Amino acid sequence: MKIALMDSGIGLLAAAAAVRRLRPDADLVVSSDPDGMPWGPRTPADLTERALAVARAAAAHRPDALIVACNTATVHALDAVRAELEPGIPVIGTVPAIKPAAAAGGRVAIWATPATTGSTYQRGLIRDFATGARVTEVPCPGLADAVEQADDAAVTAAVAAAAALTPADVTDVVLGCTHYELVEGSIRAALAARTQGVEPIYHGSAEPVAVQALRRLGVLPEPGLPRTGRLVVLRSGREGTLPAAALAYAEGRSLAGQGAPVG
């Protein structure tokens, strides 16, 4: 079994690590776009073209499924990627976990990029799935870029700014960008100070999207299997190595532990 994941940068690490954890026997193809990132500031048409190129590079390795491990690409390019690759390759998008976060009708904060915050897409998810909750949209300018560069000082500053915009009585936090899951520990620490130690529930997308990919393939998670899965790294279509910044995160180190070259 082979599962591909795509993103502009290292935000895909969280979902890749989740797939590796659930199915240690699965081969992975991680396809990113260092030549064209970040995708967020691009026009939807331009972003779609970049995403299609990254998807095609992954598809050339004949995966059994492709995860679009990027919220922005899911919003703008998922339909185009599906139109090109399905039904031969099932394509799974990444949606912020607003529905489960709002299920209990609590006080929900959605951390997302400035482009996603207040967007028609996110407002639609809130309208459809969070009508019984009190929702605060929290823009996180610079956080994804800081994570991408593994810049600890910039991460700390961006997290602190977003925490200051998060209500102190929040019960649930949605990590609405795949990059944010890589620094969940920093986010938890910042919000613990703000909420006076009453820890909210955190909702990411990495594990749910990994489970959904396995479900689409008709297989179950089997984390006890031998760790035999191989890893192929594609960077703007070229076979290469994990970026050095990946090693700053546990998810990247877990993939590198499978013999992936890092450079």
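**Entry 1: the sheet**

I started with an open sheet of four strands, and I read its order as β6-β5-β7-β8, with parallel pairing. I noted that this is a predicted model, so everything here is about a prediction. Which strands sit at the edges? They are β6 (134-139) and β8, and each of them pairs on one side only. A reminder to myself from class: strands of a sheet pair through backbone hydrogen bonds, either parallel or antiparallel.

**Entry 2: β5 and β6**

I found arginine 107 standing opposite arginine 134 in β6. Then I checked what lies across these two strands, and it is helix α5 (residues 120-129). I wrote down its direction too: α5 runs at about 160° to β6.

**Entry 3: β5 and β7**

How many bridges join β5 to β7? I got four between strand β5 (residues 107-112) and β7, and the two run parallel. Here valine 108 is the residue opposite aspartate 172 in β7.

**Entry 4: β7 and β8**

On to β7 and strand β8 (residues 201-203), which are parallel partners over three bridges. I spotted valine 173 opposite tyrosine 202 in β8. To get from β7 to β8, the chain goes through helix α8 (residues 184-194), and this β-α-β crossover is right-handed.

**Entry 5: side chains of β7**

I stayed with β7 (residues 172-175) to see where its residues point. Asp172 and Val174 go one way, while Val173 and Leu175 go the other way. Are these residues buried or exposed? All four are buried, Asp172 included.

**Entry 6: cysteines**

Last, I searched the whole structure for disulfides and came back with zero. Cysteine 70 is in no disulfide, and the nearest cysteine sulfur to it belongs to cysteine 177, 7.0 Å away. I looked up burial for both: cysteine 70 is buried, with a relative accessible area of 8%, and cysteine 177 counts as buried at 9% relative accessibility.

Note on methods:
Residues are numbered from 1 along each chain as its sequence is written. This is a predicted model: local features need pLDDT of at least 70, side-chain atom pairs count only at pLDDT 80 or more; totals for chains, interfaces and linings use all residues. Side-chain values use heavy atoms; hydrogens and water are left out. Buried means under 20% relative accessible area, exposed over 50%, partly exposed in between (1.4 Å probe, protein chains only). Two strands pair if DSSP finds at least two bridges between them. A crossover is right-handed if, with the strands pointing away from the viewer, the path from the first strand over the helix to the second runs clockwise. A disulfide is a pair of cysteine sulfur atoms within 2.5 Å. Contact means heavy atoms within 4.5 Å. Axes are lines fitted to C-alpha atoms, for helices over the stretch in contact, and angles run from 0 to 180 degrees between N-to-C directions.
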